[in-house]
Amino acid sequence: MKIISVRKNPEYKDQAIQYFQDSWSEVPPAIYEDCISHCLDAEQALPQWYLLEMEDEIIGCAGLITNDFISRMDLYPWLCAMFIDEQHRGNGYGKRLIDQARKDAKESGFAFLNLCTDHTGYYEKYGFKYIGQGYHPWGEESRIYQISV
């Protein structure tokens with residue numbers, strides 16, 4: 001099992017775009033295509049996009065970005081779009097993506113990693129603490145979690 005940084009492995013760009021689009025079909029396809037394509041030559045540490053590969057099959061993904069469409073612009077970076085294929089859930093594979101994002105956030109000089117979600121119980125298992133609510137441009141709100149890197 002390995003985590004692939006799309007930025008460090010640009011040959012995975014098209015595969016990453018397709019996997020993110022398939023995993024998060026409610027997000028307009030152009031979003032991931034634009035974000036992932038432009039991360040390859042970005043001068044700043046963010047964004048980062050990751051694929052989780054097991055036996056030559058992509059089974060998960062996540063991103064490390066500056067803002068996850070949330071009102072708390074004072075907080076960054078954000079873990080976003082984390083997804084593990086349903087048949088591989090329950091094996092702790094999400095933790096591998098979280099650990100990679102934490103490592104990269106720390107190496108980039110950040111003190112915390114944030115995320116927004118409606119899930120309760122999952123991220124707390126890995127040390128995330130609920131710090132409050134945030135608001136999305138489309139009128140919904142989400143729980144915000146944070147962990148030290």
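Predicted model: local features only at pLDDT ≥ 70, side-chain atom pairs only at ≥ 80, totals over all residues.
A pocket here is an open set of points on a 1 Å grid over the protein atoms alone, where a 1.4 Å probe fits and protein lies on both sides within 12 Å along at least five of seven lines; lining residues have an atom within 4 Å of a point. Of its 40 lining residues, Trp24, Cys80, Ala81, Met82 and Cys116 are the closest to the centre. Two or more lining residues come from each of α2, β4, α3 (93–107) and β5 (112–117), and β4 gives the most, with 6 residues.

| Class of lining residue | Count |
|---|---|
| Nonpolar | 23 residues |
| Polar | 11 residues |

Let's turn to α2. The buried residues (under 20% relative accessible area) of this helix, residues 29–39, are Tyr32, Ile36 and Cys39. Seen down the axis, they fall within an arc of 60°, so they line one face of α2. The opposite face carries Ala30 and His38, both exposed (over 50%). The buried residues of α2 pack against α1 (13–23), β2 (48–54) and β4 (78–84), with contact meaning heavy atoms within 4.5 Å.

Elsewhere, β6 (residues 129–135) and β7 (residues 141–148) run antiparallel, joined by 6 bridges. They form a hairpin with 5 residues between them, and Gly139 in the turn has a positive phi of about 100°.

Residues are numbered from 1 along each chain as its sequence is written. Local features need pLDDT of at least 70 and side-chain atom pairs count only at pLDDT 80 or more, while totals for chains, interfaces and linings use all residues; side-chain values use heavy atoms, leaving out hydrogens and water.

Methods: Buried < 20%, exposed > 50% of the residue type's maximum accessible area, 1.4 Å probe, protein only. Helix = DSSP H or I, 4+ residues; strand = E, 2+ residues; numbered from the N terminus. Arc of directions from axis to C-beta. Nonpolar A, V, L, I, M, F, W, Y, C, P; charged D, E, K, R; others polar. Pairing = 2+ DSSP bridges.
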